[in-house]
Every structure is written in structure tokens, then in C-alpha cells.
Amino acid sequence: MRREHDALAVGQRLRACHGALLPRVAALWNDRLKMSARVRPYPALALGSFEATPLEMATAFAVFPNLGIQPKPYFIRKIEDYDHAKKEQAEPQTRRVLDPE
């Protein structure tokens, strides 16, 4: 219970000290990262008060180590026959969603 209280307190401080920060975070999730659920700029955002699948979260957080480039997930990298001849191969699709700063 202590963790949730601390996270909520951080969310409230962000809203009080940086009123423009929560709407910017919500806009980042909604517009640039293309999350399926709409994120609202409430203090409970720090608690994870929106729904997202594990795949969406992994895709969203992959932006940070990739310096602002968001990869589109794919499940099958390549298809080979018994003799290792390539039949199909997926090409990674990416798009820039953040500046690398």
C-alpha cells in the first residue's frame, strides 16, 4: 500500500508543480506512441491507471533504448524450408516518435 501512496503523491506533486507535464505525458502516450486506450492526465497516471497490453507496453518502452525510434513488433522473423532456404523474411518497420535528446 505504501508504494501506491508514494506513486500517487508523486502524481499529485507533478500536477501541482508542473501543471503542464501530465497533459504532455498523456499526449505522448496517446498521439505519438499510439496506445489503444486513451490516457487521461490525472495524478493516478503515476499508478498506471490506464489499460495497456504487455505488447503495447514493450513497444512503447522500446522507444527509449532505441533513441526515439519505435519498432513495430512482429512475431515471425523468417521462414525457411528443411534445407534452410529462405522462403520469407520480415523486414523491421520503424518510425521516429521522439527526439533522441
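Reader: Which residues of helix 3 are buried?

Author: This is a predicted model. Buried here means under 20% relative accessible area. In helix 3, the residues that count as buried are Glu56, Thr59 and Ala60.

Reader: Where on helix 3 do its buried residues fall, seen down the axis?

Author: An α-helix has 3.6 residues a turn, so residues three or four places apart point the same way. Seen down the axis of helix 3, the buried residues stay within an arc of 100°. They therefore line one face of the helix.

Reader: Which element gives the most to the lining of the second largest pocket?

Author: The lining of this pocket includes Glu56, Thr59 and Ala60, along with Gln70 and Pro71. Two elements give two or more residues to the lining: strand 1 (69–71) and helix 3 (54–61). The one that gives the most, with three residues, is helix 3.

Reader: How many residues of that pocket's lining are charged?

Author: The second largest pocket has a volume of about 150 Å³. Among the residues that line it are Lys34, Glu56, Lys72 and Arg95. Five of the lining residues are nonpolar and three are polar, while the number of charged ones is four.

Reader: What is the geometry of the aromatic pair, stacked, edge-to-face or tilted?

Author: The structure holds one aromatic pair. Its rings, those of phenylalanine 61 and phenylalanine 64, have centres 5.9 Å apart. Planes under 30 degrees apart would count as stacked and over 60 as edge-to-face. The planes here lie at 55°, so the pair is tilted.

How values were computed: Residues numbered from 1 in each chain as written. Predicted model: local features only at pLDDT ≥ 70, side-chain atom pairs only at ≥ 80, totals over all residues. Heavy atoms only, no water. 1 Å grid on protein atoms, 1.4 Å probe; cavity = no way out; pocket = protein on both sides within 12 Å on 5 of 7 lines; lining within 4 Å. Points joined across faces, edges and corners; volume = space filled by probe spheres on them. Helix = DSSP H or I, 4+ residues; strand = E, 2+ residues; numbered from the N terminus. Nonpolar A, V, L, I, M, F, W, Y, C, P; charged D, E, K, R; others polar. Phe/Tyr/Trp six-rings, centres within 6.5 Å; stacked < 30°, edge-to-face > 60°. Buried < 20%, exposed > 50% of the residue type's maximum accessible area, 1.4 Å probe, protein only. Arc of directions from axis to C-beta.
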